[in-house]
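I opened this entry to look up fold, packing and symmetry. My notes follow the display.

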4 protein chains.
Amino acid sequence: VNLDRSKFRHSTRLRVRNYEIDWQGIVHNANYLLYFETGRIEYLQKLGIKVDIATIQGDSRVVVARNEIDYRSPAKFNEELDVLTRVSYIRNTSFAFEGIIEETASKRLIAENVSVHVWLDGTTGAPRRVGDEFRRLVRTFEGVHALIQETG
Amino acid sequence: VNLDRSKFRHSTRLRVRNYEIDWQGIVHNANYLLYFETGRIEYLQKLGIKVDIATIQGDSRVVVARNEIDYRSPAKFNEELDVLTRVSYIRNTSFAFEGIIEETASKRLIAENVSVHVWLDGTTGAPRRVGDEFRRLVRTFEGVHALIQETG
Amino acid sequence: VNLDRSKFRHSTRLRVRNYEIDWQGIVHNANYLLYFETGRIEYLQKLGIKVDIATIQGDSRVVVARNEIDYRSPAKFNEELDVLTRVSYIRNTSFAFEGIIEETASKRLIAENVSVHVWLDGTTGAPRRVGDEFRRLVRTFEGVHALIQETG
Amino acid sequence: VNLDRSKFRHSTRLRVRNYEIDWQGIVHNANYLLYFETGRIEYLQKLGIKVDIATIQGDSRVVVARNEIDYRSPAKFNEELDVLTRVSYIRNTSFAFEGIIEETASKRLIAENVSVHVWLDGTTGAPRRVGDEFRRLVRTFEGVHALIQETG
C-alpha cells in the first residue's frame, strides 16, 4: 500500500522500548501491529468513543478481519515515532483504518498499515450494520476523506 | 488471500498459551504473526538452513518487507494449532512465504498469511540476488509448487 | 532461591522462539515469567483442574501476589527447555509454586522461580480459604513434598 | 519488599496499552517487568549513560541476575502510571535497582520491584568491578540514598 499522508488528521507519539528490539537490533516486525493498534485506540478515544475497539457499543463488538503491513525502514531503539491514524472507509458491516508510522525528527517512513474491522452482533456474532453513532463521529472528524457508504 | 492448502508440505504444531489471550478471551491479533514466524523458522531448519531467517548466509541478511494476514476464526486458550508453511515464489531479490493456521482437531481455519522477504547484501544493505543454496534447497523440497525465477 | 530439584514431579518441554530473543542474542528476562506460567498451567491441567489459574472455581479467582526469579544462565535461540513445576505450600488464603528451567540436553540451570498466589472471593474480592478441591488434588499429586496447612 | 518512596528521585510516565491486558481485564503480570525496565533505561539515559543497560561500557556488559516483584493492585486498560526508579546500592561487581509503579492520579500502589544486575567483562564474561564512571554518575544523582561500596 502507498497511503496518502495528507489525509491523516490524528497522530500518536511513542518511543521504541528496549524489549521491542529483536536480536538484529531493530523493532521486531510483529511490534508494529501493536503500535498501529495503539494509534487506533487513541483515535477512538479522541473521537469520544469511550471503550476499546472491541466494545464500541454494548450490544455489538468489533473484530479485526485483515491486516496489511508494508515495512519501509526499520525503527531502532529509543527512536521517537509518530503513528498517524485515520478511518478510510465505512461500508455496511465493515470499516477500515489506515496507519502510517514515521520517525518524528526525520519524518523517515517506517511502516504502513491497512486494517479491516467487522461489526458483529454482540449476541449472535453475525455481521451487522456499523453503528450510526460511530458513523456520525467519524464523518464529523474526517469530513470528505472518509468514504462512508450509507446504504447497505 | 485464499491459499491453496494442498500445496503445503510442512507443518508445525503449537498450543495457545495463556499470555497470548487478550481480554476478549481470544488470541491477540499480533500473536498470529509470531505463530507464522515460528512456522517459517522450523521450515528453514527442516530444509537444512542452519541459522535464523535473518542470517541465512554470512554475507547477506533477509528482512521482512510485507505481511498480509486474514483472520478467519479466533483461536482460544489451550487450542492446539497447526501452522502450515511453504515458500510460494522466489524472484530475483525477494521471495514469499505462505502460511495457514488451522485448529488441529477440527481443521477449523484460523488465519492465513503471505509474507514477502528481501535478500540484502550484508555489507551495503542493498538488495541482491536470493542465494543459490537457498534456491536449490527450496526447489528440492517444494518441487513444482514453488515458482522460482532463475533470471533476475 | 536455591530450589531442591529432587522434589519436582512435573515437567513441561518448550523450545526458545526467535521473537523471545533480545538484541543481546539471549532470551529477554521477562519471557522466563511466561515460561514459568506455561509450566504452572500445564501442571494445573495435569492435576485435573479444568481452567486457567485465575478461575479455578466459579465463585473464586486467583491472583499473583509475588514473583521471585533468579537468572542462572541465559537461554539461547532454539534451545529446548524443561520447565519443572510444583506447588511447595498451601496456607490459609495463599499458596506458592516453585519453578526450575533447565536446558534439556545438558541439564544446564537457566532460571529459578517462586511465585505466590492469593485465593480471592469472586464477588467481594477479599482473600478467602484456598479451595478444598485444590488442596486435595495437590496433596494427592505432591504427597509429603507440599506443605499443606489445614487450619487457617 | 516494602520500598521507601521518599528516596526516589526519578519518574517515568506511561499509559497501559490494550495489548498489555490479559483476559482478566488487567495488566498481565509479566508486563510489569517491562514497565520497570522502561523506567531503568530512562533513568540511565537521564544520568548521561548513553546506551542500553547491557552495554554501559564498551569493554563490559551488564546482565540481570535477579528480579523480585510484589503485585499490590492490578493496573487496568488506559490507566496512566508513574514508574519510580533508583539505584539502591552498588557493591563490588553488582548493583541493584528499586522500582515502584503507582497510578498517576490516585497514587494507588501497583507494584514494587528490586532487580540485581551483575557487571561482566565483555571478553571473558567473568564478573568484574562495577565501572567508575557508573559509580560516579549514580553517586552524583542519588547522593546519600545510594549505598556505594568503594572497596571490593
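What radius of gyration would a compact globule of 152 residues have, and what does chain A have? I looked this up first. The globule would come near 15 Å and chain A has 16 Å, which agrees. The radius is taken over C-alpha atoms, and the globule rule is 2.2 Å times the number of residues to the power 0.38.

**Ground rules**

I noted that this is a predicted model, in which local features need pLDDT of at least 70 and side-chain atom pairs pLDDT 80 or more, while totals for chains, interfaces and linings use all residues. Residues are numbered from 1 along each chain as its sequence is written, chains are lettered from A and ligands numbered from 1 in the order written, and side-chain values use heavy atoms, without hydrogens and water.

**Chain A, overall**

I looked up the secondary structure. Chain A has two helices and six strands. Their order along the sequence is β-α-β-β-β-β-α-β. Helices (H or I, at least four residues) and strands (E, at least two) are DSSP runs, numbered from the N terminus.

Next I took the box. Along the principal axes, the C-alpha atoms of chain A fill roughly 45 × 30 × 25 Å.

I then checked burial. Of the 152 residues in chain A, 60% are buried. Buried means under 20% relative accessible area, exposed over 50%, and partly exposed in between (1.4 Å probe, protein chains only).

The accessible surface of chain A is about 6100 Å². Carbon and sulfur atoms hold 51% of that surface. The areas come from the Shrake-Rupley method with a 1.4 Å probe; for residues, only the protein chains shown count as cover.

I also looked at contacts (heavy atoms within 4.5 Å). Among those in chain A between residues at least 6 apart in sequence, 70% join residues at least 24 apart.

Chain A carries 22 positive and 21 negative charges, and their mean positions lie 3 Å apart. Lys and Arg count as positive, Asp and Glu as negative; His and the chain ends are not counted. Each charge is placed at NZ of Lys, CZ of Arg, CG of Asp or CD of Glu.

**Symmetry**

I compared chains A and B. A rotation of 180° with 0.0 Å of shift along its axis superposes chain A on chain B, at an RMSD of 0.0 Å. That is the relation of a two-fold axis. Copies are superposed by least squares on C-alpha atoms of residues with pLDDT of at least 70 in both.

Which residue of chain A comes closest to the rotation axis? I found Glu68(A), with its C-alpha at 2.3 Å. The interface residues of chain A are 100% shared with chain B, so the copies meet through the same surface.

**Loops**

Most residues other than glycine have a negative phi. I looked for exceptions. Asn78(A) has a positive phi of about 75°. Asn78(A) sits in the loop between strand S2 (60–71) and strand S3 (80–90) of chain A. Asn78(A) is partly exposed, at 24% relative accessible area.

Lys107(D) has a positive phi too, near 60°. Its loop runs between strand S4 (94–103) and strand S5 (109–121) of chain D.
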